[in-house]
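Here are my notes for you to read alongside the model.

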Amino acid sequence: MHKVINPKIHYFGTSVVLISTINEDGTPNLAPMSSAWWLNQSCMLGMSSKSQTVQNMIREGECVLNLPSIDLIPAVDRLTLLTGRNPVPESKASRGYKFEANKFGVAGLTQVQSHVVQAPRVKECPVHLEARLVKLHPFEEPSSLVAIEVRIEKVHIEDDLLMDLKSNYIDPSKWNPMIMNFCEYFGLSEQLSASKLAPVFGPGPVENMNKK
C-alpha cells in the first residue's frame, strides 16, 4: 500500500559536490551542494541564484566540481550553514547561515592550482572536474532557483581509483562517493550485481579498439 505525503524536499540520493569558485576580490569560495546530475561531458547543477557560488560562476564563467568520498564528511559538515555572501541573504540568515570568508581554512581543506580555470581544486577530494559555464536556466519560477549547465573541460582522478594507470576508466568498486539522501550523509554499499551497461560504456571492447 502507498500513502500520499507532502515532503519538504525530494532529495532521493545524489552525490555531494564541493564547488570551488573565485570571489570578486580574487579569493576562493567553496560550497557544498547535492543537486547535480551528469550527462555525457556536461553537468546540471541546481542552486539559488542568491548564493555566492552562483554569482561567482556568472561573473567568472567557470568553477571546479570536487567530488568528496565518505572520509570527508567531517570537512563538508564544517561548511554547512556557511555562506561566502556578505551580507547574508535574508532567506539564508533566517535558516541560520553565517558569513565565512575562509571556507578552505574552516573545512581544513587544501587548495591546488587548476589547469584551465582560475578556481582552485580541493586536494583531498579524489575527483576534480574543471568546468565552464554554458547557460543558466530559470527553474520553478517565480523563485531564485536556477539550473546551471556546465561543461567539463578537464578531469583529475586519484590514481588509486583507476582500473590501472594506463586506463581512462574508474574502478567503481574503489569509488565510494558521499551521498546526500534526504539531507543525511550516506556512502555506497558493496556491489549488488553485474550490469549489462558496464560492457557498453565501461572498459572492454571500446578500450581495446582504441589500442589497435
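1. Strands here are DSSP runs of E with at least two residues, helices are runs of H or I with at least four, and both are numbered from the N terminus. Two strands pair if DSSP finds at least two bridges between them. Strand E13 (residues 179-181) and E14 are joined in the antiparallel sense by three bridges, and Met-180 has Tyr-185 in E14 as its bridge partner.

2. A word on what you're looking at: this is a predicted model, where local features need pLDDT of at least 70 and side-chain atom pairs count only at pLDDT 80 or more, while totals for chains, interfaces and linings use all residues. Residues are numbered from 1 along each chain as its sequence is written, and side-chain values use heavy atoms, with hydrogens and water left out.

3. Now find the open sheet of seven strands, ordered E3-E2-E6-E11-E12-E5-E4 with antiparallel pairing. Strand E3 (28-33) and strand E4 (36-39) sit at the edges with a single partner strand each, so one side of each has no neighbour in the sheet. From one strand to the next, the twist averages 30°. (Axes are lines fitted to C-alpha atoms, for helices over the stretch in contact; angles run from 0 to 180 degrees between N-to-C directions.) Look at E4 and E5 too: they run antiparallel and are joined by four bridges, with Leu-39 partnered by Ser-42 in E5.

4. What lies across this sheet? Helix H1 lies across E2, E3, E5, E6, E11 and E12, at about 50° to E2. Its buried residues are Gln-52, Thr-53, Val-54, Asn-56 and Met-57; buried means under 20% relative accessible area, with a 1.4 Å probe and protein chains only. Just after H1, Gly-61 takes a positive phi of about 75°.

5. Is Gln-52 buried or exposed? Gln-52 counts as buried because its relative accessibility is 13%. Leaving aside neighbours within four places in sequence, Gln-52 is in contact (heavy atoms within 4.5 Å) with Asn-23, Asn-29, Gly-84 and Arg-85.

6. The largest nonpolar core has 21 residues, and Val-17, Ile-19, Met-33, Leu-45, Leu-65, Ile-148 and Val-150 touch the most other members. Such a core is a set of buried Ala, Val, Leu, Ile, Met, Phe, Trp, Tyr and Cys residues joined through side-chain atoms within 4.5 Å. Strand E12 (145-157) is among the elements that each supply at least two residues, and E12 gives the most, with four. Click on Leu-65: not counting residues up to four places away in sequence, its contacts include Trp-38, Cys-43 and Ile-152. Apart from this core lies another, of 14 residues, among them Ala-75 and Leu-79.

7. Which residues lie nearest the centre of the second largest pocket? Tyr-11, Ser-35, Gly-46, Met-47 and Arg-95 do, out of 47 lining residues. E5 gives the most to this lining, with five residues. On a 1 Å grid over the protein atoms alone, a pocket is an open set of points where a 1.4 Å probe fits, with protein on both sides within 12 Å along at least five of seven lines; lining residues have an atom within 4 Å of a point.

Notes:
Buried < 20%, exposed > 50% of the residue type's maximum accessible area, 1.4 Å probe, protein only.
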